[in-house]
Amino acid sequence: MPQRLKNLFWNHRSFKGKFFSSLFLLFFFYQLWILLHIILWTVVNPGESAFMETRLEHLQEKDEKATLRHQWVNYNQISINIKQAVIAAEDAKFIDHEGFDWEGIEKAYEKNKRRKKIVAGGSTISQQLAKNLFLSNQRSPWRKAEETIITLMLETILSKQRILEIYLNVIEWGNNVYGIEAASLRYFSSHAKDLNSFQSAKLASMIPNPKYYERHQDASGLIERSGIILSRMNAIQVP
């Protein structure tokens with residue numbers, strides 16, 4: 001092989017090595033950045049989630065003064081009714097699993113396979129929180145892999161109580177409505193600590209499609225789902 005070709009070959013290998021090393025370092029430091037945030041959240045409440053930041057950016061493109069309705073409330077200022085309702089609706093095995101409900105994932109896969117489209121996700125509260133806090137709403141293998149890593153971090157570092165507290169304070173509950181306190185005020189003109197079982201079941205039933213149900217409070221699907229959640233709430237243990 002001529003010397004010039006040899007030089008090109010080795011230069012190419014060197015470039016590839018540096019490229020993949022740089023990618024690895026970027027990946028490593030991104031995971032470290034996430035890990036440090038989660039450690040911080042053992043004692044400090046999160047600010048805006050990735051979902052909230054994205055939504056606010058879109059709003060401020062049209063109106064630079066636009067804001068989100070969001071107010072943090074501590075765990076002991078949240079009604080046990082909404083805690084039970086959300087667990088009953090979103091993740092009945094929340095107390096017992098370590099971040100993933102494998103049976104639920106399998107059921108969701110079979111359901112999606114029968115319908116030939118995605119109609120169920122099987123995501124736990126911890127997985128949903130990982131997505132809300134750090135990731136975009138786009139579906140991709142990369143995002144799902146990153147969601148898995150973040151879920152493991154959340155479950156390892158935070159208690160179940162803290163995970164549920166953060167989840168209830170950051171998820172979307174309507175157009176520009178984020179967190180249980182803002183949702184309680186928006187729909188019932190009351191605080192999160194005062195929610196009764198019927199109100200809680202209705203709010204929990206809105207989680208899969210909050211913007212739609214905000215406009216369709218009398219939708220049959222919402223009423224039916226609320227009744228199912230209400231019937232399950234008493235059997236739910238909260239952290």
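Q: Against which helices and strands do the buried residues of H8 pack?
A: In this predicted model, the buried residues of H8 pack against strand S1 (69-70), helix H3 (80-90), H7, strand S2 (177-178), H9 and H10. The buried residues of H8 are Ile 180, Glu 181, Ala 182, Ala 183, Ser 184 and Tyr 187.

Q: Why is Ala 183 called buried?
A: A residue counts as buried when its relative accessible area is under 20%. The value for Ala 183 is 0%, so Ala 183 is buried. Ala 183 has its place in helix H8.

Q: Which residues does Ala 183 touch, not counting residues up to four places away in sequence?
A: Ala 183 touches Trp 173, Val 177, Phe 188 and Leu 203. Ala 183 and Gln 71 stand 112 residues apart in sequence, and their C-alpha atoms are 9.6 Å apart in space.

Q: How do you know that Tyr 187 is buried?
A: The relative accessible area of Tyr 187 is 14%. The limit for a buried residue is under 20%, and Tyr 187 therefore belongs to the buried class. Tyr 187 also lies in helix H8. Leaving out residues up to four places away in sequence, Tyr 187 touches Trp 173, Gly 174, Leu 203, Met 206, Pro 210, Glu 214 and Gln 217.

Q: What separates the C-alpha atoms of Tyr 187 and Gln 199?
A: These C-alpha atoms are separated by 8.9 Å, and the two residues are twelve residues apart along the chain. Gln 199 is found in helix H9 (residues 197-206).

Q: What makes Gln 199 a buried residue?
A: Its relative accessible area is 17%. Buried means under 20%, so Gln 199 is classed as buried. If neighbours within four places in sequence are set aside, Gln 199 is in contact with Phe 188 and Asp 194.

Q: Why is the pair of Glu 165 and Arg 162 called a salt bridge?
A: A salt bridge requires a side-chain nitrogen of Lys or Arg within 4 Å of a carboxyl oxygen of Asp or Glu. The side chains of Glu 165 and Arg 162 meet at 2.8 Å, N to O, so by the limit of 4 Å the pair qualifies as a salt bridge. Side chains of opposite charge can pair when their charged atoms come close.

Q: Why are Glu 165 and Arg 162 separated by about one helical turn?
A: Glu 165 and Arg 162 are three residues apart in helix H7 (residues 160-170), and therefore about one helical turn separates them. Both residues are buried.

Q: What makes Glu 214 and Arg 186 a salt bridge?
A: Their side chains meet at 3.1 Å, N to O, and the limit is within 4 Å. The pair links distant parts of the chain: Glu 214 is in helix H10 (residues 210-215), Arg 186 is in helix H8 (residues 180-188), and they are 28 residues apart.

Q: Which of the classes, buried or partly exposed, applies to Glu 214, and which to Arg 186?
A: Glu 214 has 13% relative accessibility and therefore counts as buried, since the limit is under 20%. Arg 186, at 32%, counts as partly exposed, because partly exposed residues lie between the buried limit of 20% and the exposed limit of 50%.

Q: How do you know that Lys 193 and Asp 194 form a salt bridge?
A: The N to O distance between their side chains is 3.4 Å, and the cut-off is within 4 Å. Lys 193, at 44% relative accessibility, is partly exposed. Asp 194, at 43%, is partly exposed as well.

Q: How many salt bridges does a search of the whole structure find?
A: The search finds eight salt bridges. Arg 143, Lys 144 and Glu 147 are linked in a network of salt bridges.

Q: Which residues form a negative surface patch?
A: The patch is formed by Glu 48, Glu 53, Glu 57 and Glu 61. Glu 53 has its place in helix H2 (residues 50-62). With a relative accessible area of 39%, Glu 53 is partly exposed.

Q: How many helices and strands does the protein have?
A: The protein has eleven helices and two strands. Of its 239 residues, 42% count as buried.

Definitions and conventions
Residues numbered from 1 in each chain as written. Predicted model: local features only at pLDDT ≥ 70, side-chain atom pairs only at ≥ 80, totals over all residues. Heavy atoms only, no water. Helix = DSSP H or I, 4+ residues; strand = E, 2+ residues; numbered from the N terminus. Buried < 20%, exposed > 50% of the residue type's maximum accessible area, 1.4 Å probe, protein only. Patch = residues over 30% accessible without salt bridge, like charges linked within 9 Å, V, L, I, M, F, W, Y side chains within 5 Å. Areas by Shrake-Rupley, 256 points an atom, 1.4 Å probe, with all protein chains shown as cover. Lys, Arg positive; Asp, Glu negative; His and termini not counted. Charge placed at Lys NZ, Arg CZ, Asp CG, Glu CD. Contact = heavy atoms within 4.5 Å.
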